[in-house]
Amino acid sequence: MGGSQAPIKQRVKMVEKSIQDGKTELNNNKKEMQVLRSECATLEAKNKETTNEILKEILEDIANLDKDFKKLVEMDNNEVKFLQQQLFQLTQEKTKLQQSVVMLDTRVANVENDVGFE
């Protein structure tokens, strides 16, 4: 009996050691999983923070571009108004000059008639 029990006891000790090793490995895996979850949560938080900062910068850039665009549109509108005024004044001056030319042509024709120039 003593000889046949030795291998069984050895076998039981090996099984118990395997179970203990399995428990130790399981606990190590659980700890590693917790560390990985924590790292994942930290990375997610940093990613969200970075994304929010980038979004804020993009929105600020868009607002600045919109502001600059509105200034350019206003400057262009002012320039168009100025050019329209200049065009109106030039048109009036042209009309006056044309009237003066017609009047001078009439006077020249009258003077030529008076002098007898043909």
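A salt bridge is here a side-chain nitrogen of Lys or Arg within 4 Å of a carboxyl oxygen of Asp or Glu. By this criterion, a search of the whole structure finds two salt bridges. The model is predicted, so local features need pLDDT of at least 70 and side-chain atom pairs count only at pLDDT 80 or more, whereas totals for chains, interfaces and linings use all residues. Residues are numbered from 1 along each chain as its sequence is written, and side-chain values use heavy atoms, with hydrogens and water left out.

**Overall form**

The protein chain has one helix and zero strands. Its radius of gyration is 50 Å, well over the 13 Å that the globule rule gives for 118 residues, so the chain is more spread out than a compact globule. That radius is taken over C-alpha atoms, and the globule rule is 2.2 Å times the number of residues to the power 0.38. Along the principal axes, the C-alpha atoms fill a box of roughly 165 × 25 × 10 Å. Helix H1 covers residues 2–115; helices (H or I, at least four residues) and strands (E, at least two) are DSSP runs, numbered from the N terminus.

Two C-alpha separations can be given within the chain. Asn27 and Glu16, 11 residues apart along the chain, are separated by 16 Å, and Lys30 and Ala45, 15 residues apart, by 22 Å. Both Asn27 and Lys30 are found in helix H1.

**Surface and charge**

Buried residues make up 0% of the 118 residues in the protein chain. Buried means under 20% relative accessible area, exposed over 50%, and partly exposed in between (1.4 Å probe, protein chains only). The accessible surface comes to about 11400 Å², of which 59% belongs to carbon and sulfur atoms; areas come from the Shrake-Rupley method with a 1.4 Å probe, and for residues only the protein chains shown count as cover.

The mean positions of the 18 positive and 21 negative charges are 22 Å apart. Lys and Arg count as positive and Asp and Glu as negative, while His and the chain ends are not counted. The place of a charge is taken as NZ of Lys, CZ of Arg, CG of Asp or CD of Glu.

Patches are made of residues with over 30% relative accessible area and no salt bridge; like charges are joined within 9 Å, and nonpolar side chains (Val, Leu, Ile, Met, Phe, Trp, Tyr) within 5 Å. Glu49, Glu53, Glu57, Glu60 and Asp61 gather in a patch of negative charge on the surface. Within this group, Glu53 counts as partly exposed because its relative accessibility is 43%. A nonpolar surface patch of about 460 Å² is made by Ile54, Leu55, Ile58, Leu59 and Ile62. Leu55 is found in helix H1 and is partly exposed, with a relative accessible area of 45%.

**Salt bridges**

The two pairs are listed below.

| Pair | Closest N to O distance |
|---|---|
| Asp66 and Lys70 | 3.3 Å |

Lys17 and Asp21 are four residues apart in helix H1 and therefore separated by about one helical turn. Asp66 and Lys70 also both lie in helix H1, four residues apart, about one turn of the helix. Asp21 is partly exposed at 39% relative accessible area, and Asp66 is partly exposed at 37%. Lys70, at 52% relative accessibility, counts as exposed.
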